[in-house]
Amino acid sequence: MEETSDSRTNGSPGVGRRGFLAGAAAVAAAAATPTVLQAAASPAAAAGAARPNILLIVTDDQPKHTEWATPQTAAWLSGHGVRFTNGHVTTPLCAPSRSSVFSGRHAHNHGVRNNGASYSLDQHTTVQRYLRQAGYRTGLFGKYLNSWTLADNPPHFEEWALLKPAYENADWNINGTVQTLTGYTTDIIRNRTLAFLDKAATDPRPWFAYVTPYASHEPNVPAARYADTVVPPWNGRPSVPEDDRSDKPAYIRNATATLADAQAVRTRQLRTLLSVDDAVQAVHDKLAALGQLDNTLVVYLGDNGYTWADHGWLKKSVPYSPAHEVPFYLSWPAGGLGAGTVDNRIVANIDVAPTILDAAGITPDTPQDGHSLLTAHSRDHLLVEWWKQGTAAGGPPTWSSYVAKGRQYTEYYALHTDADGVVSGTGEVKFREYYDLSADPYQLTNLLHQATPQEEQALDIPALAAQLAADRAA
């Protein structure tokens with residue numbers, strides 16, 4: 001039995017966690033005014049330093065505004081690192097997003113356009129290939145890629161505990177042996193990660209650990225110790241009770257999720273994330289005990305967000321902000337990133353691999369769409385994209401979106417993929433949306449609904465459409 005007990009009491013109101021988070025927020029607030037990381041933070045500034053260890057934590061379906069459940073994580077990675085306020089994924093779906101994390105590429109370039117196409121990823125492009133080739137000890141602990149056959153070993157990992165997604169008593173591939181382990185899977189991932197880190201005491205190689213719990217994915221089953229924990233109330237946001245959706249696409253006009261539905265999912269998500277927070281704190285403590293806390297680059301993000309009944313939708317896969325915005329942290333004290341700062345740049349999952357390789361001093365020999373977050377590079381917008389799998393009615397059509405801080409332009413297309421991610425269809429634009437995010441952050445008013453050509457021109461739609469076409473082709 002790998003599950004361990006916890007000192008917190010089931011059914012507690014969580015006041016202590018709110019107080020802990022408030023303290024972490026105060027640490028971050030005491031730092032300098034929100035800033036952009038400077039190029040001086042690049043490993044070039046510490047050329048004589050040992051190569052950093054790399055800890056990459058990717059949670060499942062974790063939206064923003066879940067920080068109540070992860071105060072220890074925030075205290076470490078925000079209080080002693082960088083919190084990115086504009087963190088996104090470029091495809092709000094698990095396997096495409098994770099493939100973008102590994103490769104630094106958009107889904108239209110790496111080929112994993114849906115959850116069934118995991119084997120389309122060119123493993124030669126992955127950050128784990130680069131790191132293992134460069135002499136890193138590599139480990140994977142948790143979920144890998146949807147539709148990956150459990151018996152197939154994950155390429156370029158020296159050690160692994162690969163989870164068939166579940167919360168309790170799950171099937172695993174442990175270093176090549178498929179077996180069932182009793183216990184709560186987030187705790188098993190924690191323990192396997194800690195054992196991997198312990199080997200650093202006798203193995204001098206730098207290491208890369210990819211730690212990826214199933215939380216907070218549906219069915220969001222919490223550990224027994226948190227099954228009855230009371231979470232802070234939430235009464236929605238303006239996009240939840242949106243009465244008039246006549247300016248939205250058909251699948252949103254027909255959406256039926258309610259505030260009560262969202263409240264139930266949110267409660268379950270927060271309860272599952274409590275165990276993730278425990279695991280992150282255990283890893284922090286292990287690194288401190290090993291003397292490796294300062295020279296470990298830590299990246300933490302969700303693989304996609306999740307809508308809490310926004311516009312009636314209770315899922316991901318849509319171009320609305322809650323689906324593609326995610327928590328995003330980075331910490332590396334030895335690299336100059338440990339002061340507790342806030343970075344307002346638009347950053348994304350495609351930036352993770354370039355950042356890791358930059359820190360490790362590795363120049364990639366395969367294309368990447370992202371940029372190292374250790375440099376001063378700043379984008380003015382981001383391409384976000386999603387493909388409909390199959391031709392069945394219902395759900396969002398294929399879409400792509402131009403996402404900037406103050407505006408968002410989306411096109412829906414007559415396109416779909418097969419199970420292998422191969423695209424077919426006419427490509428005709430079937431619907432469009434434009435939101436002034438500065439004035440309308442909850443995306444309530446589609447300014448293209450019944451807009452005249454003159455109004456479209458005033459919104460700069462022709463230029464946005466041209467830029468979106470160029471981004472999709474790049």
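**Entry 1: the whole protein**

How much accessible surface does the protein have, and what share of it belongs to carbon and sulfur atoms? I looked this up before anything else. The accessible surface comes to about 17200 Å². Carbon and sulfur atoms hold 53% of that surface. I note here that the model is predicted.

Next I checked burial. The protein has 474 residues, and 58% of them count as buried. Then I listed the secondary structure. I found twelve helices and 14 strands.

I also looked at contacts between residues at least 6 apart in sequence. Of these, 72% join residues at least 24 apart.

**Entry 2: the sheet of ten strands**

I traced an open sheet of ten strands. Its order is β6-β5-β4-β3-β7-β1-β8-β9-β2-β10, and its pairing is mixed. Which strands sit at the edges? They are β6 (177-184) and β10 (341-348), and each pairs on one side only. From one strand to the next, the twist averages 20°.

A reminder to myself: strands of a sheet pair through backbone hydrogen bonds, either parallel or antiparallel.

I then zoomed in on β5 (residues 168-174) and β6. They run antiparallel, and six bridges join them. Glu168 stands opposite Tyr184 in β6. Ala170 has Leu181 of β6 as its bridge partner. The two strands form a hairpin with two residues between them. In this hairpin, Asn175 takes a positive phi near 50°.

**Entry 3: helix α3**

Is helix α3 (residues 94-103) enclosed or open? I counted buried residues. Ten of its ten residues are buried, so the helix is largely enclosed by the rest of the structure. Among them are Cys94, Pro96, Arg98 and Phe102.

I followed the chain past the helix. Just after α3, Gly104 takes a positive phi of about 70°. His106 is in the loop between α3 and α4. Its relative accessibility is 9%, under the 20% limit, so His106 counts as buried. I left aside its neighbours within four places in sequence and listed what His106 touches. The contacts are Thr90, Ser100, Ile350, Asp369, Leu383 and Glu385.

**Entry 4: aromatic rings**

I searched the whole structure for aromatic pairs and got 16. I took Phe84 and Phe328 to start with. Their ring centres are 5.4 Å apart and their planes stand at 75°; an angle over 60° makes a pair edge-to-face, so this pair is edge-to-face. Phe84 lies in strand β2 (residues 82-88) and Phe328 in strand β9 (residues 328-331). The pair therefore ties together parts that are 244 residues apart in sequence. Both Phe84 and Phe328 are buried.

Then I went back to helix α3. Phe102 and Tyr210 also form an edge-to-face pair, with 5.0 Å centre to centre and 65° between the planes. Phe102 lies in α3 and Tyr210 in strand β7, so the pair ties together parts 108 residues apart in sequence. How accessible is Phe102? Phe102 has a relative accessible area of 0%, so it is buried. Tyr210 has a relative accessible area of 0% and is buried too.

I checked for further links. Ring pairs join Phe102, Tyr119, Tyr144, Trp148 and Tyr210 into a cluster.

I also looked for charges over rings. Arg137 lies over the face of Phe196, at 4.2 Å from the ring centre. Arg472 lies over the face of Tyr413, at 3.9 Å from the ring centre.

**Entry 5: the sheet of four strands**

I traced another open sheet. It has four strands in the order β11-β12-β13-β14, with antiparallel pairing. Why is one side of β11 (382-386) and of β14 (423-436) left without a neighbour in the sheet? Each stands at an edge and has a single partner strand, so one side stays without a neighbour. Neighbouring strands here are turned by 20° against each other on average, direction ignored.

I looked at β11 and β12 (residues 398-403). Five bridges join these antiparallel strands. Trp386 stands opposite Trp399 in β12.

What packs on this sheet? Helix α12 (residues 461-473) does, touching β11, β12, β13 (407-417) and β14. The direction of α12 makes about 50° with that of β13.

Note on methods
Residues are numbered from 1 along each chain as its sequence is written. This is a predicted model: local features need pLDDT of at least 70, side-chain atom pairs count only at pLDDT 80 or more; totals for chains, interfaces and linings use all residues. Side-chain values use heavy atoms; hydrogens and water are left out. Two strands pair if DSSP finds at least two bridges between them. Axes are lines fitted to C-alpha atoms, for helices over the stretch in contact, and angles run from 0 to 180 degrees between N-to-C directions. Buried means under 20% relative accessible area, exposed over 50%, partly exposed in between (1.4 Å probe, protein chains only). Rings of Phe, Tyr and Trp (its six-membered ring) pair if their centres lie within 6.5 Å; planes under 30 degrees apart count as stacked, over 60 as edge-to-face and the rest as tilted. A charge sits over a ring if NZ of Lys or CZ of Arg is within 6 Å of the ring centre and within 35 degrees of the ring normal. Contact means heavy atoms within 4.5 Å. Accessible areas come from the Shrake-Rupley method with a 1.4 Å probe; for residues, only the protein chains shown count as cover.
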